[in-house]
Amino acid sequence: MTALEKAIGAITEQQNKMEKDSTPYFVGEQLKDILKSAPPSVAEIVLQDLGTKGMSVVDCEKKIADYASKHRHGNQGCCPPTEADRIIREFYGIPMVGIDLANGPDFTAYAKPAQKQTKVSLADFL
């Protein structure tokens, strides 16, 4: 079983104790999505964090709720998805490498660099 599978299993285990339409449940879903696009080493760190007191999905959701409370408009608080992503990453120490929150993840950040290009002569094709 990979670290990613173990981390997703740990998140799912925490979610099983929640209502399926609760805010912490959806934070867990967002954390799973983040882990799927992150390097495998990140899943190992998050897995360790999930087993530590004060680092559960519910604790992370409290940070998002604090943000929403501080950014109230009338009777409603709001935390946009990009801010929720930032807070989750900050909470679990997930790097923002290759992430453009406005346009989604840049998967090329984890790709191997291209080989040096060589010049091609049109005579080569004759």
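The largest pocket is lined by 14 residues, among which Thr23, Val27, Ile64, Cys79 and Ala84 lie nearest its centre. Three helical elements, α2 (23–36), α4 (57–70) and α5 (81–92), each give two or more residues to this lining. The volume of the largest pocket is about 160 Å³. The structure examined here is a predicted model.

Aromatic contacts were considered next. Two aromatic pairs are found when the whole structure is searched. In one of them, the ring centres of Tyr25 and Phe26 are 5.7 Å apart and the ring planes stand at 90 degrees, so this pair is classed as edge-to-face, the class that requires an angle over 60 degrees. Tyr25 is buried, because its relative accessible area of 15% falls under the 20% limit. Phe26, by contrast, has a relative accessible area of 47% and is therefore partly exposed, a value between the 20% and 50% limits. Phe91 and Tyr92 also form an edge-to-face pair, with a centre-to-centre distance of 4.9 Å and an angle of 85 degrees between the planes. Both Phe91 and Tyr92 are buried.

Val120 is located in the segment after β4 (104–105). The relative accessible area of Val120 is 59%, which is over 50%, and Val120 is therefore exposed.

Conventions
Residues numbered from 1 in each chain as written. Predicted model: local features only at pLDDT ≥ 70, side-chain atom pairs only at ≥ 80, totals over all residues. Heavy atoms only, no water. Helix = DSSP H or I, 4+ residues; strand = E, 2+ residues; numbered from the N terminus. Buried < 20%, exposed > 50% of the residue type's maximum accessible area, 1.4 Å probe, protein only. Phe/Tyr/Trp six-rings, centres within 6.5 Å; stacked < 30°, edge-to-face > 60°. 1 Å grid on protein atoms, 1.4 Å probe; cavity = no way out; pocket = protein on both sides within 12 Å on 5 of 7 lines; lining within 4 Å. Points joined across faces, edges and corners; volume = space filled by probe spheres on them.
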